[in-house]
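Hello,

Here is the structure we spoke about. Please load it and keep it open while you read my notes below.

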Amino acid sequence: MFSRDFMEYHKDRFQDYSLMVYQKSKLIALFPANRESDKLYSHQGLTYGGLVYKTFLKSSDAIFIWKAILKFLNENNITCLYIKELPYVYLKNMTNNPMPYILFKLKAQNKRMDMHSVVDIKQYKLSNSRKEGLKRGEKAGLEVSESASFDSFWNSILIPNLREKHGVKPVHTLDEINLLKSKFPKQIRQFNVFDGDDIIAGTTIFEMDNIVHCQYISGVGNTNASGSLDFLHVNLITKKFQNKRFFSFGTSNINEGQNVNAGLQFWKEGFGARSITQGFHEVSTENYKLLDDVML
């Protein structure tokens, strides 16, 4: 999903400087990125970053690619590269991830670390609190329905909640999420909870081969009292996406990763979610030389 189409709506916010890496005439990797002065970032308009490459890429090839990228940047007056890691559960081949070693060799400085709450669906287990929420939702006769439209969720729930509780807007406007849906109709999905004819909660899903990611989660009023969000996500994990390997609730970090929203983390872990990390690293581009002679 790291395509140019996916980033197109960010073109007025970021100076795109995405890179393509070739071996002879064959394209072997992509690096979505944006530039600010003499600094290059794993694209700041994307939640996850890093190289896009085929699953069979060997470690020696990965070292060659990063050396080529850093050398190119250094020769083009970019002094620092900020790399946003891709959490390993998003890799199609989770045994092929030489990035931590390459960061070690490059003497990368860790600038931030986030924790993402991920359910291993095979080990899914509800806490007593989430069981109670599920029972309340079942007793109330709530229903979960997939919607082709984001309008009701955005306008009735998500925008008002973010404005009232946090004084912010969704990262994606309604027009932007509709644009992304038109580009990725099978991967971006909206599930809502109804009490009769009234929408009372919802979640926006980004679906991939092995994993489902909740991009937005929100409900009206006291969702603990209604059990709407518990009811929704139990249904998604145990029915709609039971054949996936992982279900991600995303991060609960705040303040640039320095703190964790304890209540939100507690709720996510009630579904059996546990934490994996995502690092943010700064690399001096002149350190490309440190990748010389790694393979002896």
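Two strands count as paired if DSSP finds at least two bridges between them. Keep that cut-off in mind for the sheet below. Also note that this is a predicted model.

**The sheet**

Strand β2 covers residues 19-23 and strand β3 covers residues 26-31. Five bridges join them, and they run antiparallel. L19 stands opposite F31. V21 stands opposite A29.

β3 has another partner. Two bridges join β3 to strand β6, residues 52-53, again antiparallel. Here L30 has V52 as its bridge partner.

Put together, this is an open sheet of three strands in the order β2-β3-β6, with antiparallel pairing. Which strands stand at the edges? They are β2 and β6. Each has a single partner strand, so one side of each is left without a neighbour in the sheet.

Most residues other than glycine have a negative phi. Two residues are worth a look on that account.

K24 has a phi near 60°, a positive value in a residue other than glycine. Where is K24 found? It sits in the loop between β2 and β3. That hairpin has two residues between its strands. Is K24 buried or exposed? K24 is exposed, with a relative accessible area of 84%.

N77 is the other one to check. Its phi is near 65°, also positive and also in a residue other than glycine. N77 lies in the loop between α2 (59-75) and β7 (80-84). At 60% relative accessibility, N77 counts as exposed, because the cut-off for that class is over 50%.

**A helix pair**

Two packed helices are described by the angle between their axes and the distance between the axes. Take helix α5, residues 151-166, and helix α6, residues 174-183. Their axes come within 10 Å and cross at roughly 150°. That makes α5 roughly antiparallel to α6, because angles over 145 degrees fall in that class. The crossing of α5 past α6 is right-handed.

Which residues meet? From α5 they are D151, W154 and N155. From α6 they are L174, I177 and N178. The residues of this contact divide into three nonpolar, two polar and one charged.

N235 belongs to helix α8, residues 228-240. Its relative accessibility is 15%, so N235 counts as buried, the cut-off being under 20%. Leaving aside neighbours within four places in sequence, N235 is in contact with V144 and K240.

V283 lies in strand β16, residues 274-284. Is V283 buried or exposed? At 0% relative accessibility, V283 counts as buried. V283 touches L70, T79, C80, L81, I83, L103, L106 and A108, not counting residues up to four places away in sequence. V283 and K107 are 176 residues apart along the chain, yet their C-alpha atoms are separated by 7.1 Å.

**Where to start**

I would open the view on the sheet, with β3 joined to β2 by five bridges and to β6 by two. Then go to the crossing of α5 and α6, at roughly 150°. Finish at V283 and its contacts, L70 and L103 among them.

Best wishes

Terms used: Residues are numbered from 1 along each chain as its sequence is written. This is a predicted model: local features need pLDDT of at least 70, side-chain atom pairs count only at pLDDT 80 or more; totals for chains, interfaces and linings use all residues. Side-chain values use heavy atoms; hydrogens and water are left out. Helices (H or I, at least four residues) and strands (E, at least two) are DSSP runs, numbered from the N terminus. Buried means under 20% relative accessible area, exposed over 50%, partly exposed in between (1.4 Å probe, protein chains only). Axes are lines fitted to C-alpha atoms, for helices over the stretch in contact, and angles run from 0 to 180 degrees between N-to-C directions. Angles under 35 degrees count as roughly parallel, over 145 as roughly antiparallel, 65 to 115 as roughly perpendicular and the rest as oblique. A crossing is left-handed if the near helix is turned anticlockwise from the far one by less than a right angle, and right-handed if clockwise. Contact means heavy atoms within 4.5 Å. Ala, Val, Leu, Ile, Met, Phe, Trp, Tyr, Cys and Pro count as nonpolar, Asp, Glu, Lys and Arg as charged, and the others, Gly among them, as polar.
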